[in-house]
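Here's a quick briefing to read with the model open in your viewer.

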Amino acid sequence: MSKTKVGIINVTGYAGVELARLLSKHPSVELVSVTGRSAAGQPLKKIFPHLANIDLTIQPELGKVDLAFSAMPHKESAKEIIPLVSQGIKIVDISSDFRLKDINAYPTWYSFNHPAPEMLEKAVFGLPELHRNEIIAAQLVANPGCYPTGAILALAPAVKAGLIKPDIIVDSKSGVSGAGRTLSLTTHYSEVNDDVGAYAIDGHRHLPEITQELGLLNTEFKPEVTFVPHLIPMTRGILTTGYASLYQGKLSSGTKGREELRELYIDFYKNEPYVRVMEAPPHTKHTWGSNFCHIFPTVDIRTNRLIVISAIDNLVKGAAGQAVQNMNVMLGLPETTGIDMPAMFP
Ligand SMILES: NC(=O)c1ccc[n+]([C@@H]2O[C@H](COP(=O)([O-])OP(=O)(O)OC[C@H]3O[C@@H](n4cnc5c(N)ncnc54)[C@H](OP(=O)(O)O)[C@@H]3O)[C@@H](O)[C@H]2O)c1
């Protein structure tokens with residue numbers, strides 16, 4: 001049987017190059033085309049020596065493919081995708097251009113008017129744990145943001161079960177690759193190393209995504225999310241801690257309530273290949289290079305508050321790995337095909 005031909009738009013960024021690594025070993029698809037502005041005309045393996053197993057030249061334009069991944073910056077991604085959608089090509093967009101259902105959110109959060117509202121309506125938010133049945137039938141899948149992946153997976157079971165009040169705090173710490181490969185002062189080694197700082201306190205662009213998806217889980221629930229991201233001196237990984245007050249009486253008091261919460265999370269994710277409910281707080285290093293999200297839910301008994309901690313690799317479950325997971329679902333392949341690797345440790 002001939003393999004599905006796939007391509008990557010913008011292989012020269014971190015999300016794009018991580019996709020190339022994963023797709024090069026995928027048994028059911030063939031990576032046939034990669035694009036990149038700065039390195040067009042050059043062999044991929046020359047620009048990225050760790051991909052010596054891939055014999056492709058970086059092109060200025062995408063070649064003929066059945067399915068394309070876009071790893072372009074926001075706003076630019078939609079421009080690339082719109083003509084491909086009208087050609088009937090399946091798309092997984094790693095940018096934010098098709099994630100938000102509210103068209104007005106784009107000028108507010110991304111400073112542009114969305115160029116294709118009709119495509120926005122049809123696009124499916126690509127978190128397989130919540131939207132698998134829609135992804136199966138989708139032509140255009142909007143891969144979730146890295147922070148939203150960790151935050152939504154951490155909070156979804158508690159929201160769905162009506163356990164928590166809508167006033168939610170999400171505190172996340174990200175490695176520097178989350179900011180991408182484009183040079184900037186804030187990601188210089190000497191500025192990031194030995195340092196930790198919060199940013200975007202007035203509202204990070206991933207906030208509306210988290211709010212949108214938590215709000216869809218429970219019609220009674222109108223989430224009010226405070227999201228504070230932090231940059232920390234590591235290459236990959238996001239550790240997220242969610243806090244919310246529990247409604248009285250939904251869980252037993254004391255340690256019995258903790259056990260009930262854990263059972264609820266285990267049940268919610270019992271069929272999910274990439275979510276593990278842990279017995280202890282997770283570490284980003286336990287997910288490095290893998291498509292897993294590790295989650296530890298517990299109750300702060302003193303304050304009757306949910307504390308839930310998640311860890312992901314921002315470039316895998318937070319970007320390229322989840323994009324391949326979505327592609328597998330779209331193509332009717334076993335969902336773990338090509339991304340079933342354990343994490344690297346230490
Ligand atoms: N990094 C993550 O953890 C992560 C996670 C989830 C989603 N994402 C999303 O994935 C997309 C790519 O992110 P990234 O982190 O991989 O970014 P990145 O490493 O900064 O890559 C961006 C690359 O895009 C190219 N580029 C920049 N402006 C462009 C333009 N106007 N037109 C064409 N190409 C342009 C540049 O490559 P050339 O100079 O070669 O053109 C640049 O190296 C973004 O939409 C981002 O939001 C990233």
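This is a predicted model.

- Zoom out and you'll find β4 and β5 inside an open sheet of 7 strands, ordered β3-β2-β1-β4-β5-β7-β6, with parallel pairing.
- At the edges are β3 (58-59) and β6 (124-125), each of which pairs on one side only.

**Helix α3 on the sheet**

- Helix α3 (residues 76-86) packs on this sheet, where it touches β1 (4-9), β4, β5 and β7 (140-142).
- Its direction and that of β5 make an angle of about 165 degrees.
- Which residues of α3 are buried? They are Ser77, Ala78, Glu80, Ile81, Leu84 and Val85.
- Look down the axis of α3 and those buried residues fall within an arc of 160 degrees, so they line one face of the helix.
- What do the buried residues of α3 pack against? Their partners are β1, β4, β5, β7 and also α5 (117-122).
- After α3 comes glycine 88, with a positive phi near 85 degrees.

**Helices α7 and α11**

- A pair of packed helices is described by the angle between the axes and the distance between them.
- For helix α7 (residues 146-160) and helix α11 (residues 316-330), the angle is about 100 degrees and the axes are 8 Å apart.
- Since angles of 65 to 115 degrees count as roughly perpendicular, α7 and α11 are therefore roughly perpendicular to each other.
- On the α7 side, Cys146, Thr149 and Gly150 make the contact, while α11 brings Lys317, Gly318, Ala319 and Gln322.
- Sorted by class, this contact of α7 with α11 has 4 polar, 2 nonpolar and 1 charged residues.

- As background, most residues other than glycine have a negative phi, and most peptide bonds are trans.
- Lysine 75 has a positive phi, near 75 degrees, and isn't a glycine.
- You'll find lysine 75 in the loop between β4 and α3.
- Lysine 75 is partly exposed, because its count of other C-beta atoms within 10 Å is 16.
- Asparagine 304 is another residue other than glycine with a positive phi, this one near 55 degrees.
- The loop between β13 (293-300) and β14 (305-312) is where asparagine 304 is found.
- Why does asparagine 304 count as partly exposed? Because it has 15 C-beta neighbours inside 10 Å.
- The peptide bond running from phenylalanine 345 to proline 346 is cis, and its omega is near 0 degrees.
- Proline 346 belongs to the segment after α11.

**Tyrosine 243**

- Strand β11 (residues 238-246) holds tyrosine 243.
- Is tyrosine 243 buried or partly exposed? It is partly exposed, because 18 other C-beta atoms lie within 10 Å.
- Setting aside neighbours within four places in sequence, tyrosine 243 is in contact with Ile169, Arg305, Leu306 and Ile307.
- From tyrosine 243 to glutamate 30 the gap is 213 residues in sequence and 43 Å in space, taken C-alpha to C-alpha.

Key:
Residues numbered from 1 in each chain as written. Predicted model: local features only at pLDDT ≥ 70, side-chain atom pairs only at ≥ 80, totals over all residues. Axes fitted to C-alpha atoms, helices over the stretch in contact; angles between N-to-C directions. Helix = DSSP H or I, 4+ residues; strand = E, 2+ residues; numbered from the N terminus. Parallel < 35°, antiparallel > 145°, perpendicular 65-115°, else oblique. Contact = placed C-beta atoms within 7 Å. Nonpolar A, V, L, I, M, F, W, Y, C, P; charged D, E, K, R; others polar. Pairing = 2+ DSSP bridges. Buried ≥ 20, exposed ≤ 12 C-beta atoms within 10 Å, placed from the backbone. Arc of directions from axis to C-beta.
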